[in-house]
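Please keep the sequence and the structure in view while reading.

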Amino acid sequence: MPPHTSPPGSALAATLPPPTDLACGFSETDYGTIMHKGQNELPSLPIPPLDQTLARYIESVRPLTTDQEYERTVKAAQDFKNSEQGQSLDQRLRARALDCEQRGTSWLAEWWDDWAYFAHRDSSTFFVNYYFGFQDDPRVPTQTARAALLVSLALEFRQLIATCTLTPDMARNAPFCMNMYRYLFNYSRIAGTATDTAVGFPTETNNHICVVRNGKFYIFETLHLPSKPSSVLSPREIMIQLERIKKMADDDKSVAPPIGILSTGQRDQAAQDRATLFQAHTSNKAHMAKIETSMFVLCLDASSPSTSEEFSRACWHGDGSSRWFDKCFQLIVFANGRAGMNGEHSKMDATPTSRLCRYLIDEAQARPLPDFRNLNAEDLYEIASALDKPQPLNFVTSPALDRAITNAFTYFKATVDAHEMVPTEFKGYGKGLIKSFKMSPDAYVQMALQLAYYRKHGELVATYESAATRKYRHGRTETARSCSIESKAFCEAMDDPDVGLKARAAACRAAVGRHAQYTAWAVDGQAVDRHLLGLRLIRSPDEEVPELFKDPIYSRTSRWRLSTSQISDDCFIAYGWGEVVPDGFGCAYMVKESELYFCITSLHLGSRDLGQYIVDALADMRFTFEEVRKIEKAEAAQAAIVAAAAEALSHAERASQMARASRGELADALVNGNLQAMSAPDGHLGDSGSRLFVRSPSPGRPLQPVPRTSLFFQKHDPVLRTALARSAMAMAQEKYWSGIDDIAFDLLPPGSPRPIHAVVGGSLSSEAVASSAASTSSSSSGAKATDKAPPTGRPRSDSGSQLRNFMAILMGEDGMLSRLRSRHGSSNLSAKPTTPPSSP
């Protein structure tokens with residue numbers, strides 16, 4: 001998703017900190033490890049030539065301007081290029097880039113977080129954070145079973161980063177910058193006035209997880225011995241801790257302040273609420289430190305979202321109180337076993353978190369779920385009693401804090417109600433068919449978005465697509481501008497009834513090719529937006545703002561009313577975020593093999609309508625290319641007919657010339673008295689293979705009747721007198737009409753699938769009936785197998801007393817120890833440790 005822009009010429013540059021010695025994230029000794037292979041060889045983020053940037057900028061604004069506006073923008077760009085100030089700003093920016101390269105960082109990295117994220121004052125919950133919805137686990141696990149397994153795998157992934165054994169991200173055998181992975185765990189955003197900050201905490205001394213349920217926060221340690229990283233809790237032990245937290249939260253009827261809602265407000269207000277929280281009681285600051293230093297936040301929601309919109313909204317914002325949106329990421333597991341993730345965007349783009357999520361989902365499905373089966377009461381008590389109980393974070397409220405929480409809930413509810421979020425699943429086709437059209441799937445989808453917006457609003461707007469620049473050291477993103485001269489021509493051609501299918505397809509190919517080229521420029525750091533941003537930020541506060549940045553066209557074409565980005569992974573079933581300007585749309589999408597997914601968000605500007613326009617655009621584009629393919633096939637067949645007829649005519653002419661030459665030789669022989677010499681010894685004029693006068697055989701009939709005859713065959717009828725020509729033309733004619741018959745003249749709507757089984761005489765064919773019966777039998781047997789599947793998770797309890805006993809064992813209550821000893825007459829149960837491991 002795009003950053004949130006500030007007005008051109010603002011005093012933002014004055015508020016940014018001067019360049020500082022930014023750490024590279026890992027020490028130089030780490031460069032020999034697996035994770036950092038090739039990291040010290042990554043090039044620095046380049047600065048394109050000023051002439052190139054201005055030329056590409058001028059071209060990108062052309063479809064969004066009138067002739068008069070375009071001429072004014074061209075003049076502003078030319079004046080900037082030729083001015084002393086423009087040359088000075090570009091030289092200063094390049095000097096900064098050289099200095100940052102010597103310090104092992106990027107010229108943009110030290111500016112980017114502040115300009116794009118920390119200076120943004122709207123709610124980060126709705127306008128910065130993003131979410132993923134995980135693929136469902138086919139085993140249908142319980143909430144704590146799935147949560148425990150995901151947490152255990154997240155700890156494994158964290159250990160891969162800590163030991164630098166995580167394989168680097170690659171693109172065509174070239175490594176990507178891995179710097180962002182240092183912010184994946186133990187990191188938190190801190191709300192501040194005017195600008196936010198972000199703080200990371202040592203991973204060696206902060207091995208606890210923060211869990212939130214019903215608005216109440218808890219922590220528990222993930223290591224048996226804090227000084228021994230290998231003593232990590234097993235999935236079963238983590239599940240015991242989560243069951244304890246669920247019971248503690250559900251049984252706690254006290255009114256605790258739901259401080260999670262304080263992270264959902266506008267950033268200036270969030271900073272004030274943070275101060276109010278600390279002023280309410282001295283212990284609140286220590287409790288907040290536990291949340292911010294934790295590895296990540298786990299949300300055990302009591303809700304069970306079922307529909308796509310419910311699931312997306314639950315992952316995006318939830319109820320507001322059972323979250324902490326300033327944490328690096330939050331794992332969310334619902335009561336029905338569904339799961340997702342919410343990520344904080346300021347220090348990390350979606351590619352590292354998407355890799356983490358893929359690891360969690362793939363590994364979870366390959367491993368057994370934790371449960372309490374095959375454990376007797378003594379063993380379960382032995383495991384549970386060895387674990388320190390989770391520690392509740394009991395925040396203390398005050399009248400001022402209560403008012404702040406009430407106001408935060410009011411803002412949260414109003415913002416939720418103001419948004420329209422519409423997940424749209426397109427099942428018609430995916431990247432497989434798009435590749436058969438020989439086009440880039442991502443650029444193709446971008447053109448569908450352009451066409452959909454054009455049809456809905458009658459105009460095109462500045463469109464953002466995120467392009468990763470991680471091939472460079474500390475690279476983040478660059479803007480791929482989707483709206484182009486070619487995309488405008490394509491949209492106009494698709495809605496012009498006087499434009500034929502072939503012309504529409506050609507316009508689409510040109511637009512797709514242009515966007516693919518611009519995306520390649522962006523990935524290589526050769527687009528326009530980051531360079532122009534650098535020229536703005538390098539300007540001194542007392543310097544005059546260049547006319548280029550005062551131009552209203554610069555503001556309009558950098559204001560992303562259509563904000564798009566894609567993460568394409570089959571392990572996700574939901575993905576999204578909010579719009580970045582009030583009158584715009586946020587459009588997250590996934591391009592899968594046989595389907596496409598979109599999530600459109602706006603402030604009730606017609607997200608559902610735009611989703612339908614996208615579906616219609618995709619169907620129209622498919623119809624256009626498939627019909628053009630059939631027309632081209634028919635034209636190729638017709639061209640083959642013409643070529644075959646020409647070849648047959650050439651053969652006939654050569655045969656006629658040979659016949660005339662043979663008759664001439666025979667006449668000369670008769671005149672010269674040489675007929676006897678030319679005859680064979682047996683008195684004949686030669687054998688059948690060398691006769692001069694041989695009756696031509698009757699032409700053979702075509703292999704099958706040809707019901708239609710073109711004018712070409714009638715015009716060149718003399719050619720048909722030879723068997724060779726007739727046979728060749730019959731084959732060519734059959735090929736021609738087979739191509740014509742493939743063109744769709746039926747009444748099916750564009751993109752409709754053709755029926756597989758034909759209905760003959762009012763009944764299905766035997767193969768269809770057999771297939772249906774087999775499917776029914778398989779479904780029935782599958783249902784029986786499901787009924788007999790053993791339950792997972794908590795042991796079956798047939799009475800309330802059994803459930804109470806089970807939870808007492810799980811909680812490690814001291815009374816259960818004596819009861820178990822007296823029941824079995826044994827004293828081999830170890831007592832609860834008198835000295836529990838030290839708290840973090």
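## Overview

Of the 840 residues of the protein, 48% count as buried; buried means under 20% relative accessible area, exposed over 50%, and partly exposed in between (1.4 Å probe, protein chains only). The model is predicted, and local features need pLDDT of at least 70, side-chain atom pairs count only at pLDDT 80 or more, while totals for chains, interfaces and linings use all residues. Residues are numbered from 1 along each chain as its sequence is written, and side-chain values use heavy atoms, with hydrogens and water left out.

The protein contains 28 helices and 20 strands. Helices (H or I, at least four residues) and strands (E, at least two) are DSSP runs, numbered from the N terminus. The accessible surface comes to about 38,800 Å², and 54% of it belongs to carbon and sulfur atoms; such areas come from the Shrake-Rupley method with a 1.4 Å probe, and for residues only the protein chains shown count as cover. Among contacts between residues at least 6 apart in sequence, 76% join residues at least 24 apart, where contact means heavy atoms within 4.5 Å.

## The eight-strand sheet

An open sheet of eight strands has the order β11-β7-β6-β8-β9-β10-β1-β16, with mixed pairing. Two strands pair if DSSP finds at least two bridges between them. Strands β11 (391-392) and β16 (572-576) form the edges; each has a single partner strand, so one side of each is left without a neighbour in the sheet. Strand β1 (residues 130-134) runs antiparallel to β10 (residues 339-343), and four bridges join them. Within this pair, Tyr 130 stands opposite Gly 343.

Which strands does helix α8 lie across? Helix α8 (residues 235-251) lies across β6 (208-213), β7 (216-221), β8 (297-300) and β11, and runs at about 155° to β7. Axes are lines fitted to C-alpha atoms, for helices over the stretch in contact, and angles run from 0 to 180 degrees between N-to-C directions.

Strand β6 is joined to β7 by six bridges in the antiparallel sense, with Cys 210 opposite Ile 219. These two strands form a hairpin with two residues between them, and Asn 214 in the turn has a positive phi of about 55°. The pairing of β6 with β8 is parallel and spans three bridges; here Val 212 stands opposite Cys 299.

## The six-strand sheet

A further open sheet has six strands in the order β12-β18-β17-β15-β13-β14, again with mixed pairing. Strands β12 (420-426) and β14 (477-481) stand at its edges, each with a single partner strand, so one side of each lacks a neighbour in the sheet. The twist averages 25° from one strand to the next. Strand β13 (residues 463-468) is antiparallel to β14 and is joined to it by five bridges, and the bridge partner of Tyr 464 is Arg 481 in β14.

Helix α11 (residues 308-316) lies across β12 and β18 (596-602), at about 125° to β12. Helix α16 (residues 441-457) also packs on the sheet and touches β13, β15 (562-566), β17 (585-591) and β18; its direction makes about 145° with that of β17.

## Ser 346 in its loop

Ser 346 is found in the loop between β10 and α12 (350-365). Is Ser 346 buried or exposed? Ser 346 is buried, with a relative accessible area of 0%. Its side chain makes a polar contact with the side chain of Glu 344 (2.6 Å). A polar contact is a pair of N or O atoms within 3.5 Å; within protein, one must be able to donate a hydrogen and the other to accept it, and residues adjacent in sequence count only if both atoms are side-chain atoms. Leaving aside neighbours within four places in sequence, Ser 346 is in contact with Asp 113, Tyr 117, Phe 118, Arg 189 and Arg 476.

## Cysteines

A disulfide is a pair of cysteine sulfur atoms within 2.5 Å, and by this rule the count is zero.
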